[in-house]
Amino acid sequence: MNGSKLLLVSLTVFAFLISLSFSVIVGNARLADPDDPRIADIAKWAVEEINKKNAAIESDTRYGFIKIERVRAQVVAGINYYLTLSLYEQKSSADQSKYKLVCNIRVMEQSWMATKLRLLSDLEC
């Protein structure tokens with residue numbers, strides 16, 4: 001009887017620790033590989049979207065992609081990519097000066113959809 005109680009307590013503690021570890025992991029943003037070609041595609045897409053939005057509001061400011069500094073990925077109803085990007089900013093086509101800046105961007109992607117869904121949000125430079 002003593003051995004079965006010990007086994008039951010051990011299994012209960014083990015189950016508790018497993019459930020605790022899952023509650024910490026699921027939904028948390030984790031570091032991703034900035035050299036992953038898929039991440040590079042998402043980053044370049046985000047810069048293109050920023051430029052399209054600027055053109056729509058008749059802004060002459062354009063951004064160019066330099067480097068992915070950091071990426072975190074979070075599984076939600078899709079994947080949130082939190083990107084820290086080095087970009088260059090060009091104020092107008094007449095002004096050839098380029099200014100380097102670092103921007104934080106969030107892209108939500110649902111790649112399993114019939115038409116792949118990507119949404120850009122949280123642009124902060």
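The structure is a predicted model, in which local features need pLDDT of at least 70 and side-chain atom pairs count only at pLDDT 80 or more, while totals for chains, interfaces and linings use all residues. Residues are numbered from 1 along each chain as its sequence is written, and side-chain values use heavy atoms, with hydrogens and water left out.

The protein has two helices and five strands, where helices (H or I, at least four residues) and strands (E, at least two) are DSSP runs numbered from the N terminus. Along the sequence, these elements follow the pattern α-β-α-β-β-β-β. Of the 125 residues, 30% are buried; here buried means under 20% relative accessible area, exposed over 50%, and partly exposed in between, with a 1.4 Å probe and protein chains only. The protein exposes about 8500 Å², and carbon and sulfur atoms supply 59% of this area. Accessible areas come from the Shrake-Rupley method with a 1.4 Å probe, and for residues only the protein chains shown count as cover. Contact means heavy atoms within 4.5 Å. Among contacts between residues at least 6 apart in sequence, 45% join residues at least 24 apart.

The interior comes next. In soluble globular proteins, nonpolar side chains tend to be buried together. A nonpolar core is a set of buried Ala, Val, Leu, Ile, Met, Phe, Trp, Tyr and Cys residues joined through side-chain atoms within 4.5 Å. The largest one here has 20 residues, of which Tyr-81, Leu-83, Leu-85, Ile-105, Val-107 and Leu-120 touch the most other members. Two or more residues each come from helix 2 (37-56), strand 2 (62-76), strand 3 (78-90) and strand 4 (99-110). Helix 2 is the biggest contributor, giving seven residues. Leaving aside neighbours within four places in sequence, the residues in contact with Asn-80 are Arg-72, Ala-73, Gln-74, Arg-106, Val-107 and Met-108.

In one of them, the side chains of Arg-118 and Asp-41 meet at 2.8 Å, N to O. This pair links distant parts of the chain, with Arg-118 in strand 5 and Asp-41 in helix 2, 77 residues apart. Arg-118 counts as buried because its relative accessibility is 15%, whereas Asp-41, at 39%, is partly exposed. Arg-118 also forms a salt bridge with Glu-109, again at 2.8 Å, N to O, and Glu-109 is buried at 2% relative accessibility. Salt bridges that share partners join Arg-38, Asp-41, Glu-109 and Arg-118 into one network. Apart from neighbours within four places in sequence, Arg-118 is in contact with Asp-41, Ile-42, Trp-45, Met-108 and Glu-109. Elsewhere, Lys-91 forms a salt bridge with Glu-89, with the closest N and O atoms 3.4 Å apart. Here Lys-91 is partly exposed at 39% relative accessibility, while Glu-89 is buried at 13%.

Together with Trp-112, Met-113 and Leu-119, Leu-117 makes a nonpolar surface patch of about 400 Å². Patches are made of residues with over 30% relative accessible area and no salt bridge, with like charges joined within 9 Å and nonpolar side chains (Val, Leu, Ile, Met, Phe, Trp, Tyr) within 5 Å. Glu-124 lies in strand 5 as well and counts as exposed because its relative accessibility is 53%. The C-alpha atoms of Glu-124 and Ile-105 are separated by 6.5 Å, although these residues are 19 apart along the chain. Setting aside neighbours within four places in sequence, Glu-124 is in contact with Val-102, Cys-103 and Asn-104.

Terms used. Salt bridge = Lys/Arg side-chain N within 4 Å of Asp/Glu carboxyl O.
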